[in-house]
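Look over the sequence and the model, then read on.

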Amino acid sequence: MTPQIELIDIDKHYGAFHALKNITLTIDKGSFVALVGPSGCGKSTLLRSIAGLETITSGTLRIAGQTMTGVPPRHRDIAMVFQSYALYPHMSVEQNLTYSLRLHGVKKAEARTKAAEVAATTGLSHLLGRYPRQLSGGQRQRVAMGRAIIRNPKAFLFDEPLSNLDAALRVQMRKEIRALHDRLGATSVYVTHDQIEAMTMADWVVVMRDGIIEQQGRPLDLYDHPVNQFVAGFIGSPAMNFLPATVGQDGRSIALEAGGSVPIAGQASPGEKVVAGMRPEHLRVAEGPAAAFHVEIGTIESTGSATYLTSRDGSLQVVQSERTPLAPGDLVGLEIEPTNIHLFDPSTGRKL
Ligand code: ATP
């Protein structure tokens with residue numbers, strides 16, 4: 001794999017505020033990398049630093065092998081796509097597409113030919129004469145994409161590009177952006193706070209919190225092997241349940257604080273206090289001796305394809321694909337495969 005963007009020990013301070021802490025990340029050529037994390041974790045700052053819209057305080061940033069220190073945004077040869085689209089309202093789609101080429105001295109006829117190519121790639125051919133106000137949200141998003149790809153940049157940087165669109169269109173545009181990335185053989189960095197978007201679009205997901213990278217890896221590796229409670233709770237929807245517990249004297253089961261004993265995989269330290277992570281989709285309703293513990297049902301929600309059971313105290317959620325004969329107030333028995341239980345250190349949050 002050839003690295004296309006390299007971030008080595010990057011720090012960014014805004015005055016006294018430390019927004020990026022020791023960020024090291026390699027983005028391979030042709031990969032689609034998602035930066036995710038809660039609001040304020042530094043995703044946009046990292047993206048803007050790659051673009052050169054923010055100056056990093058220390059560390060090294062290379063794009064296609066070239067160190068970017070002192071290189072202004074327009075000379076970095078990368079394209080940014082924002083949620084606001086940033087289209088020029090007084091220009092037609094074609095003019096929006098060709099604007100940056102014309103700015104770089106490309107002749108009008110050549111620019112128009114390229115615009116026609118890009119319009120065909122992005123499904124905009126029949127809209128070239130329209131103005132942004134005459135377009136739907138999805139079409140505007142495509143123009144923004146088209147404008148980015150027309151220059152054949154070294155990388156695409158996306159900053160929450162789909163957050164203005166409704167849910168159905170977002171799902172469709174997700175697929176379109178990913179397909180376009182593959183067709184172009186592009187390198188893309190995609191910022192989102194939506195972990196589903198990150199998981200479904202990216203080859204590599206970077207989870208950030210408070211200016212640091214908590215974990216990076218392939219989407220399903222993050223889901224299967226979160227290194228700490230934060231990542232475990234952030235990746236996966238609905239979120240993982242966290243239940244305080246103590247390891248039993250045999251080291252092979254845990255006693256839940258709320259009652260019940262659950263077998264675990266492997267060997268833990270007897271008597272150790274832990275937080276047991278159990279994904280809602282891994283818990284199963286069980287009867288009789290198969291039930292490891294019981295909870296009282298508070299609410300039941302069904303979307304038709306899935307049923308969501310939430311405990312009376314709100315501390316536990318179960319998702320199942322079957323419909324349920326249960327009702328609020330029922331005491332329900334639950335079981336889980338020992339290999340699906342994640343144990344965390346209650347004080348550090350680290351995976352045990
Ligand atoms: P969101 O999802 O809300 O956009 P984010 O993860 O993209 O969040 P950033 O915009 O990168 O977060 O901001 C990271 C932190 O840096 C925030 O705490 C923010 O308040 C702070 N910050 C961003 N820009 C500046 C600035 N120009 N001056 C001071 N602090 C800033």
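Four residues of domain 1 are in contact with five residues of domain 2. Contact means that the C-beta atoms of two residues, placed from the backbone, lie within 7 Å. On the side of domain 1 that touches domain 2, two residues are nonpolar, two are polar and none is charged. Ala, Val, Leu, Ile, Met, Phe, Trp, Tyr, Cys and Pro count as nonpolar; Asp, Glu, Lys and Arg count as charged; the others, Gly among them, count as polar.

The domain assignment puts domain 1 at 3-234 and domain 2 at 241-344. Such bounds come from an automatic or database domain assignment. The C-alpha centres of the two domains lie 39 Å apart.

## Basis of the model

This is a predicted model: local features need pLDDT of at least 70, side-chain atom pairs count only at pLDDT 80 or more, and totals for chains, interfaces and linings use all residues. Residues are numbered from 1 along each chain as its sequence is written.

## Overall build

The protein chain has eight helices and 20 strands. These are DSSP runs, numbered from the N terminus: helices are H or I with at least four residues, strands are E with at least two. The C-alpha trace spans about 80 × 45 × 35 Å along its principal axes.

Of the 352 residues, 36% are buried. A residue is buried if 20 or more other C-beta atoms lie within 10 Å of its own, exposed if 12 or fewer, and partly exposed in between, with C-beta atoms placed from the backbone.

## Nonpolar core

The largest nonpolar core has 85 residues. A core here is a set of buried Ala, Val, Leu, Ile, Met, Phe, Trp, Tyr and Cys residues joined through C-beta atoms within 7 Å. Both domain 1 and domain 2 supply at least three residues to this core.

A34 and V189 have the most contacts inside the core. Beyond residues up to four places away in sequence, A34 touches Y190, T192, A198, M201, A202, V205 and V206.

## Ligand shell

Which residues surround the ligand? They are Y14, F17, A19, G37, S39, G40, C41, G42, K43, S44, T45 and H193. The cut-off is a C-beta atom, placed from the backbone, within 6 Å of the molecule.

Two elements give two or more residues to this shell: β2 (17-28) and α1 (43-51). Helix α1 gives the most, with three. By class, the shell has four nonpolar, seven polar and one charged residue.

## A148

A148 sits in helix α4 (residues 137-149). It counts as buried because 25 other C-beta atoms lie within 10 Å. Leaving aside neighbours within four places in sequence, A148 contacts A79, V81, P153 and F156.
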